[in-house]
Amino acid sequence: AEASPTMWGTGIYKHFDAVVSVSGGSWFAAGLIYSERAVGLVEAMAATPTEAAALHRKGWAEPLLSIASKDSPFVQDVAKLLKLLGAVGLSQDLLVFGYVWQEGRTWTTFCEMVLELTAGVGTSITLGSPVMAWAEGKVWLVAHTQVTPRAKSKMQVHIAEEVWPARAIKQTVTGRGVSVFTPAMYSYVLGSSNAPAPVRYVNPSALPQADRLNYEGDVWSWCPCGCAKYKARAAAGDFSTLVEWAADLSVVSCAAASSAAFGGAMVLLKPMTLAMDANRGDLAVWQGTGFAAGESFSRAATLVSEVNRHGDVSQKAVDRLADGAVRPVIDGAYADNTGVGYAVSAGAVEVVAYLNPEASNVPVDLALLFQDSSKVVGFLEPMFEPIFEQTAEWMATKYASLPKLALSAGTKHVTAISVGTLYVTTCESSLWGTRQGTRVTLHLVGVAAAVTIGLLEDIFKYDVLTQEIIEAVVAPENADLVQDTVLPWFLRPSDKLEQAQGASTVSPHEELS
């Protein structure tokens, strides 16, 4: 009998030098890289496409929702009532966040729960831990964002806020940095032993080493004698510990930083900080480059938590934050939600990107990497800096003309699957660190769907969505498009002989390509 396909045996990622993950994609990447269970689920769905929905439900959705057994009886009863009323997504959200509320109320706690339940990836796993065979020797780039508001702007990072007694600790950046949201990447050569990060953490022109983090603590009182102000400074652009000791970084914490979607609002909007601090919660991830890499996240989070729990706004507290160079790290989507910008910034000139546009099949996130993106996406343009010299309108027109896979009859959620290649050119960017004129080949797989990324969404819809995608890929009417257009991005003619012989090897590459 013919053996079932495996990620290692097929050599599907053999010729890839790096994997870039951003936002929730970092959860998926972490599972595929470090978890035999997660790889086994993907391989099982590949072996039996007609059972993909059931397999995904059993291997991912149901384990995630098993957390309900640890919720309080009250939360479980309210969730059941919401389900009876037809609010299935809200019912599931209540079960998940009810557990997080009682276990820590932080984004890191939530991500720890997701990765442990769905992939068995726990807090002891680091970037330097053993990996699955298919990932050996590849570079993993975990995309996230540094929050770096300029001191002269009206924006500040709110580390701690309290109404009564009135006190706060805030942070800004002084220097030549160029953006409130600075793209950053944890990186590691997977399977290597205590190696340094192969890719710079932040582009130096985006956040120069000479830039400074400014910490300011304020205490207000009705009596002038009760008012106080405390200040401290730290290096903003020194990330040597994250580079030299990248192997020690927690996978859960890296994935949490990459996916902290609410982190921007949490630290930049004072009312959000007040609300979360009042409830001892935190939707950002805190990182301290003044600590050993293995303690970078935990010690930073502890310092911030102690300030909020004890209302400790003092010179000593401000100095401790500065000594650790504590700052928030949030979802990579604040700079680029596709991973393409991060890959090109790291030196890639050929990229295969998986996109998830909304049901309209307009690639909004990709458009933000091109010039004049407001003509395609509207008001979001000022938040993002392009990396390509072509216009967003040009890209959108080209994308709309890409061939599409035929969808199976009865498809509920997928509205289009576009595949094809765009040839683009980089522009000069101090944020991304790119020079003008570098040619880049973008191979795109865009799955447009009516299912959202979460919140109020029925988790079991992801099971059906997965099967609809797989059914389209393996459909006989799509065979020519898949074989002639998509597979050559992954496999070369010589790979077929290796597969027949049951041999597939992975060779580490020193540079991204």
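A residue is classed as buried under 20% relative accessible area, exposed over 50% and partly exposed in between, for a 1.4 Å probe and protein chains only. By this criterion Glu 216 is partly exposed, with a relative accessible area of 27%. The model is predicted, and local features need pLDDT of at least 70, side-chain atom pairs count only at pLDDT 80 or more, and totals for chains, interfaces and linings use all residues. Residues are numbered from 1 along each chain as its sequence is written, and side-chain values use heavy atoms, with hydrogens and water left out.

Glu 216 is found in strand β6 (residues 212-219), where strands are DSSP runs of E of at least two residues and helices are runs of H or I of at least four, numbered from the N terminus. Leaving aside neighbours within four places in sequence, Glu 216 is in contact (heavy atoms within 4.5 Å) with Ala 168, Ile 169, Lys 170, Lys 229, Tyr 230 and Lys 231. With Lys 229, a side-chain to side-chain polar contact is formed at 3.1 Å; the term denotes a pair of N or O atoms within 3.5 Å, in which, within protein, one must be able to donate a hydrogen and the other to accept it, and residues adjacent in sequence count only if both atoms are side-chain atoms. Val 313 lies 97 residues from Glu 216 in sequence, and the C-alpha to C-alpha separation is 9.5 Å.
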